[in-house]
Amino acid sequence: MSDRILFMLAEQDVFSKAWLRAPASTDVARDTDSMFMWLWWFCVVWFVFLMALMVYWVIKYRRRPGTVAPKSASHNTPLEVAWTIIPTLFLVYIFFRGFHGWIEKIVAPGDAIEMNLTGARWYWSIDYPNGAQSPASTRIGAKDIPVFYMPAERSVKLRMQSQDVMHAFYVPDFRIKQDLWPNRYSQMWFKAHAPDGTLKHPVVSNDAKDEVAKALSGVPYEDHWLFCAEYCGDEHSEMAGIIRVVPEDAFNRWLDAIKNGTGTPAEIGQAIWKLRCSSCHTVDGGKNTGPTWKNIWGHEAQMMTGKMIMVDENYVRESILNPQAQIVMGFQGQNMPSFAGVLNDKQITAVIEYIKTLSDMGTLGDPAHPAGMDAKVGTPGTETKPGEKPADKPQ
Ligand SMILES: [Cu+2]
């Protein structure tokens, strides 16, 4: 009877599930689980054995009235040698097994595709080998979570760096966790199993405009959570991501599609904001770690020193590359990380274009948009309702 129950539990993998989050999705993860379970049962067996012996002897040699306490032997050499050498052999075995597993985890195979992963307060981003940056995201709860497409059955090596404080890259399904530091690289690799086929991207018609959707039309995928496992401030617990594993050919098509994917500069700027700036800057006037971007463009901002500065291209650029140069009044002590080396000039320009669309002064002095000189839109001294956006700008 109890045999049957034990067998049923083992069949359902209850023992693993009680300790481990979800089935392992890489070979390395399976090795980790088997090592972990082996260690676990090793400890259980020794614990039960030692406790049982102790209880047995406590009862057997308990004090009884009228009996003289027996004298214990001074020592027993064969016994002492045995209880030293046998556990040592087990420990040596555990060390080598663990060491081997660790080396396997940390050293990427030579044929791995390399990507750069950046951690920052409070988001993840990946630069793919063809120069494309992780653009996809999905809304979960109140937040946009980045989605990183990855090829199945192909080794991927991540070169990792933090832009500000320490973060830790943690993917429970892959059983990997690695710290990211500022000013220093670390690395990690994985080779995800093929998606189980239960989830598929929606099929889009061939004449659909969206290249990315077309590249992924009908393709199966499997998602794995990615978390930050190093307490890094306010929104640490929301610093999550999704690793979406798709077959390698679909991954390559997707990579080409995002590389060629275009948008207006303002749309690209909005995507950058969503991924890298929205954890601290709102665009609707709401409060956050940093100042909102609503209606800052074309207005003067007061600095900590009391100085007023007009928010224009050069001020925004400086704020992105060298945030400590001018600190906005009321935001002392909240350090914005520098994006020098993270955003290139084109991307900074795109962010500027996006910030313009958020202001009632948006198109002022913009030669490409003569509407900016229109008395209705943002000429000083004329009325513009807050939040009203110039009609010729993407929103
Ligand atoms: Cu973090």
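Let's start in strand S7, where Ile-176 is the bridge partner of Val-171. That pair belongs to a stretch where S6 and strand S7 (residues 176-180) run antiparallel, joined by 5 bridges. Bear in mind as you look around that this is a predicted model. The hairpin of S6 and S7 has 4 residues between the strands, and within this hairpin Arg-175 adopts a positive phi near 55°.

You will find 9 helices and 13 strands in it. Of its 395 residues, 26% count as buried. If you take the contacts between residues at least 6 apart in sequence, 62% of them join residues at least 24 apart.

Now to another group of strands. Four of them make an open sheet of mixed pairing, in the order S2-S1-S5-S8. From one strand to the next, the twist averages 30°. Inside this sheet, strand S1 (residues 113-120) and strand S5 (residues 156-162) pair in the parallel sense over 7 bridges. To find your place along that pairing, look for Gly-119, which stands opposite Ser-162 in S5.

S2 turns up again when we come to helix H7 (residues 265-277). Which residues of this helix are buried? They are Ala-266, Ile-268, Gly-269, Gln-270, Ala-271, Ile-272, Arg-276 and Cys-277. Among the elements that cover the buried residues of H7 are S2 and H9.

H9 leads us on to a helix pair. Helix H8 (residues 313-321) and helix H9 (residues 345-357) pack with their axes 10 Å apart, at an angle of about 125°. H8 and H9 are therefore oblique to each other, and their crossing is right-handed. On the H8 side the contact is made by Glu-313, Val-316, Arg-317 and Ile-320, and on the H9 side by Ile-348, Val-351, Ile-352 and Ile-355. Sorted by class, this contact of H8 with H9 has 6 nonpolar and 2 charged residues, with no polar ones.

Our last stop is helix H3 (residues 27-60) and helix H4 (residues 77-106), which pack at about 160° with axes 10 Å apart. That angle makes H3 roughly antiparallel to H4. The crossing of H3 past H4 is left-handed. Here Val-28, Asp-31, Thr-32, Met-35 and Leu-39 of H3 meet Ile-94, Arg-97, Gly-98, Gly-101, Glu-104 and Lys-105 of H4. By class, the contact of H3 with H4 has 4 nonpolar, 3 polar and 4 charged residues.

Conventions
Residues are numbered from 1 along each chain as its sequence is written. This is a predicted model: local features need pLDDT of at least 70, side-chain atom pairs count only at pLDDT 80 or more; totals for chains, interfaces and linings use all residues. Axes are lines fitted to C-alpha atoms, for helices over the stretch in contact, and angles run from 0 to 180 degrees between N-to-C directions. Helices (H or I, at least four residues) and strands (E, at least two) are DSSP runs, numbered from the N terminus. Angles under 35 degrees count as roughly parallel, over 145 as roughly antiparallel, 65 to 115 as roughly perpendicular and the rest as oblique. A crossing is left-handed if the near helix is turned anticlockwise from the far one by less than a right angle, and right-handed if clockwise. Two residues are in contact if their C-beta atoms, placed from the backbone, lie within 7 Å. Ala, Val, Leu, Ile, Met, Phe, Trp, Tyr, Cys and Pro count as nonpolar, Asp, Glu, Lys and Arg as charged, and the others, Gly among them, as polar. A residue is buried if 20 or more other C-beta atoms lie within 10 Å of its own, exposed if 12 or fewer, and partly exposed in between; C-beta atoms are placed from the backbone. Two strands pair if DSSP finds at least two bridges between them.
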